[in-house]
Amino acid sequence: LSRGLGDVYKRQRKTCNPRQCAKRPIPLANFPTFARVSTHYTPYYTQRHLHMRRIFLIGYMGAGKTTLGKALADLTGLSFLDLDLFIEGRYRKTIRQIFDEEGEDAFREIERRALHEVAEFEDVILSTGGGTPCFFDNMTYMNSVGTTVYLQASPEALTERISLCKHSRPAVRHLDGEALAAFVRDALTRRTPFYERAHLTFDVERLATDNDTNDAAHRLQQLLYGKRGAPLNSSPTHSYLI
Ligand code: S3P
């Protein structure tokens with residue numbers, strides 16, 4: 001199952017302009033089917049000392065899950081996969097189309113199934129949707145099969161970032177100004193208890209430039225692996241050796 005991620009990852013990197021929106025637009029016609037691709041991206045020498053092989057990045061929209069996930073993948077040699085893009089490739093529809101045509105409940109069911117599917121991959125950084133941890137037993141599930149990292153930022157910072165890239169986000173695309181800010185504050189209040197169940201919390205308040213992103217990726221790598229590259233055991237109930 002881990003076959004194929006390399007191509008997806010490289011394609012995502014090639015088609016994304018991080019200044020606009022980290023993960024859009026991806027032409028669906030170009031999205032590879034997993035049967036077609038065969039190379040694995042992770043080089044052998046990095047695999048040898050990486051013990052945490054499945055990292056879930058969680059957090060609200062605009063937290064930088066995709067941007068930081070890609071930078072961390074570059075740094076660690078792990079593969080990168082964005083859950084929303086995986087869903088879009090599988091269903092040949094944008095997230096927005098799925099919301100519009102089938103409704104949020106159907107999307108959450110699709111998302112849950114996709115989460116279980118991608119969690120079969122190993123040596124991978126998975127960026128989840130902002131709502132993923134808050135439905136079904138998704139948070140418990142992610143905690144049991146990998147290392148979860150909550151990317152935390154203030155409602156103000158998130159609102160600002162979302163407003164730059166909201167067309168593809170069904171929940172917020174009609175909102176502006178104070179209405180958007182109030183929506184984000186309210187959603188964060190409801191979702192934070194789920195996010196806070198992550199193994200690790202990582203501050204992403206500042207993520208405006210490429211330098212910020214690189215710096216954050218280095219800090220996150222250190223948080224995950226420690227200075228000597230050894231896995232940290234920050235959760236008393238989970239082992240990072242999956
Ligand atoms: C959602 C977040 C989106 C996407 C969908 C719903 C949410 O993902 O899954 O639009 O409910 O917060 P991002 O957080 O990657 O934008």
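The buried residues of helix α5 are covered by elements that include β1 (54-58), β2 (79-82), α4 (83-91), β3 (124-127), α6 (138-145) and α8 (177-195). Here helices (H or I, at least four residues) and strands (E, at least two) are DSSP runs numbered from the N terminus, and contact means heavy atoms within 4.5 Å. Buried stands for under 20% relative accessible area, exposed for over 50%, and partly exposed for values in between (1.4 Å probe, protein chains only).

The model is predicted, and local features need pLDDT of at least 70, side-chain atom pairs count only at pLDDT 80 or more, and totals for chains, interfaces and linings use all residues. Residues are numbered from 1 along each chain as its sequence is written, and side-chain values use heavy atoms, with hydrogens and water left out.

**Helix α5**
- Helix α5 covers residues 95-118, and its end C-alpha atoms are only 17 Å apart.
- A straight helix of 24 residues would span 34 Å at 1.5 Å a residue; the expected span is 1.5 Å times one less than the number of residues.
- At E102, α5 bends by about 120°, where the bend is the angle between axes fitted to the seven residues ending there and the seven starting there.
- Its buried residues are I95, I98, F99, F107, R108, I110, E111, A114, L115 and V118.

**Nonpolar core**
- The largest nonpolar core has 58 residues; such a core is a set of buried Ala, Val, Leu, Ile, Met, Phe, Trp, Tyr and Cys residues joined through side-chain atoms within 4.5 Å.
- Helix α5 gives the most to this core, with 8 residues.
- Y60 and V149 have the most contacts inside the core.
- Residues up to four places away in sequence aside, Y60 touches K65, G130, L158, I162, F183, V184, A187, L188, R191 and Y195.
- In soluble globular proteins, nonpolar side chains tend to be buried together.

**Rings**
- The whole structure holds 2 aromatic pairs. Rings of Phe, Tyr and Trp (its six-membered ring) pair if their centres lie within 6.5 Å, with planes under 30 degrees apart counted as stacked, over 60 as edge-to-face and the rest as tilted.
- F99 and F107 form a tilted pair, at 4.8 Å centre to centre and 40° between the planes; both residues are buried.
- R112 lies over the face of F136, at 5.4 Å from the ring centre. The criterion is NZ of Lys or CZ of Arg within 6 Å of the ring centre and within 35 degrees of the ring normal.

**Positive phi**
- Most residues other than glycine have a negative phi.
- D123, which is not a glycine, has a positive phi of about 55°. D123 lies in the loop between α5 and β3 and is buried, with a relative accessible area of 10%.
- F136 also has a positive phi, near 50°. F136 sits in the loop between β3 and α6 and is partly exposed, at 46% relative accessible area.

- N138 belongs to helix α6 and is buried, with a relative accessible area of 0%.
- Not counting residues up to four places away in sequence, N138 touches R112, L115, T132 and P133.
- D212 is part of helix α9 (residues 210-225) and counts as buried at 9% relative accessibility.
- Beyond its neighbours within four places in sequence, D212 is in contact with R206 and L207.
- D212 and L68 are 144 residues apart in sequence, with 9.7 Å from C-alpha to C-alpha.
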